[in-house]
Amino acid sequence: MTKLLEINHIQTLCFAKGFSPARLNVATSPFRISRRGGGGYCSNACIPYRLKFTCYATLSAVVKEQASDFSGKEAALLVDELRSNFNSGRTKSYEWRISQLQNIARMIDEKEKCITEALYQDLSKPELEAFLAEISNTKSSCMLAIKELKNWMAPETVKTSVTTFPSSAQIVSEPLGVVLVISAWNFPFLLSVEPVIGAIAAGNAVVLKPSEIAPAASSLLAKLFSEYLDNTTIRVIEGGVPETTALLDQKWDKIFFTGGARVARIIMAAAARNLTPVVLELGGKCPALVDSDVNLQVAARRIIAGKWACNSGQACIGVDYVITTKDFASKLIDALKTELETFFGQNALESKDLSRIVNSFHFKRLESMLKENGVANKIVHGGRITEDKL
């Protein structure tokens, strides 16, 4: 299952009944957030790999899939176990929710180096980019949830109509139950843990299915969740198409997916069988409109920061195309060329400040775009290709 996963500036999830986005402001369900935005090596001490792979000096992990040992029967047993534990009321208390959130915050602090290493192995993310784009954002969301949890759980008194006088009324937020989070490969830590933070804050049991396209991060998440979180109510299931299919065959109380439209149709069709509510965050295009009276250097740097410095464009905040006036276009191109060299040097392929394309499949997809008629002869800067530095 190929997931072309992206991230939107604003994302709204709802894992609990009755929560109002107007009065809640947080990273994920049931809350809202605005997102702003070498050599390789393996570290067995940090990441116990369930899938066998090979690491080269400057290559990302190359996954060798093993036969799936997670069947539909096992998926059903897993969901039954989590639902039983949820129905016992275990996840509804403030004490349970706050303890799990605090454990996530502690996990991020104690395992920051391991998280950074996993992101480097999957995407060659530089340490600073990994911290700013994934680790710090996730930690901020977790700390906000810890700070505001009591307020979010408190009943909200609302007015009643004269026809029900002398009644009173409250909105009481209740967790939905057992939720499934299918996360992304382009920000494999951030987009895995943030939805889980929301699900926990809302009092749900949760299963996380990380993307198999980022195997190092997936394996690390499975290890860390088993060490830091309550395994009777929070689980990680690794794998590819067979595991995802087995999970989608089950009845969930909410499914959250970030990715592309093709996979989203499969997920929505599976959810429809049980009338399961679904959140599908499918990304979109991201143009940049540049007027002729802007500060040219600032505009060029911001475009570069959003396109190349952010995961090598593997994010929906990466600029897809630029709209400007015909007379100003050449000036903007010259500014972009100058600032690209300032950011990444004259030989960007050797830059340690630039992430790499996630795998060969996506590399060849992008390579084919460069070779299309009408494109290859219009490249004004860069354009060199080397697959041995993914």
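Guide: Contact means heavy atoms within 4.5 Å. Helices are DSSP runs (H or I, at least four residues), and strands are E runs of at least two, numbered from the N terminus. This is a predicted model, where local features need pLDDT of at least 70, side-chain atom pairs count only at pLDDT 80 or more, and totals for chains, interfaces and linings use all residues. Residues are numbered from 1 along each chain as its sequence is written, and side-chain values use heavy atoms, with hydrogens and water left out.

Visitor: Which residues of H10 does H9 meet?

Guide: Leu296, Gln297, Ala300, Arg301, Ile303, Ile304 and Ala305 of H9 meet Phe328, Lys331, Leu332, Ala335, Leu336, Glu339, Leu340, Phe343 and Phe344 of H10.

Visitor: At what angle do the axes of H9 and H10 cross?

Guide: Axes are lines fitted to C-alpha atoms, for helices over the stretch in contact, with angles from 0 to 180 degrees between N-to-C directions. Those of H9 (residues 296–307) and H10 (residues 326–344) cross at roughly 60° and come within 9 Å. Angles under 35 degrees count as roughly parallel, over 145 as roughly antiparallel, 65 to 115 as roughly perpendicular and the rest as oblique. H9 and H10 are therefore oblique to each other.

Visitor: How do H2 and H5 cross?

Guide: Their axes come within 9 Å and cross at roughly 160°, which makes H2 roughly antiparallel to H5. The contact includes Trp96 and Leu101 of H2 and Val193 and Ile197 of H5.

Visitor: What is in contact with Phe225?

Guide: Leaving aside neighbours within four places in sequence, Phe225 is in contact with Met107, Val193, Val196, Leu208, Asn231, Ile234 and Val236.
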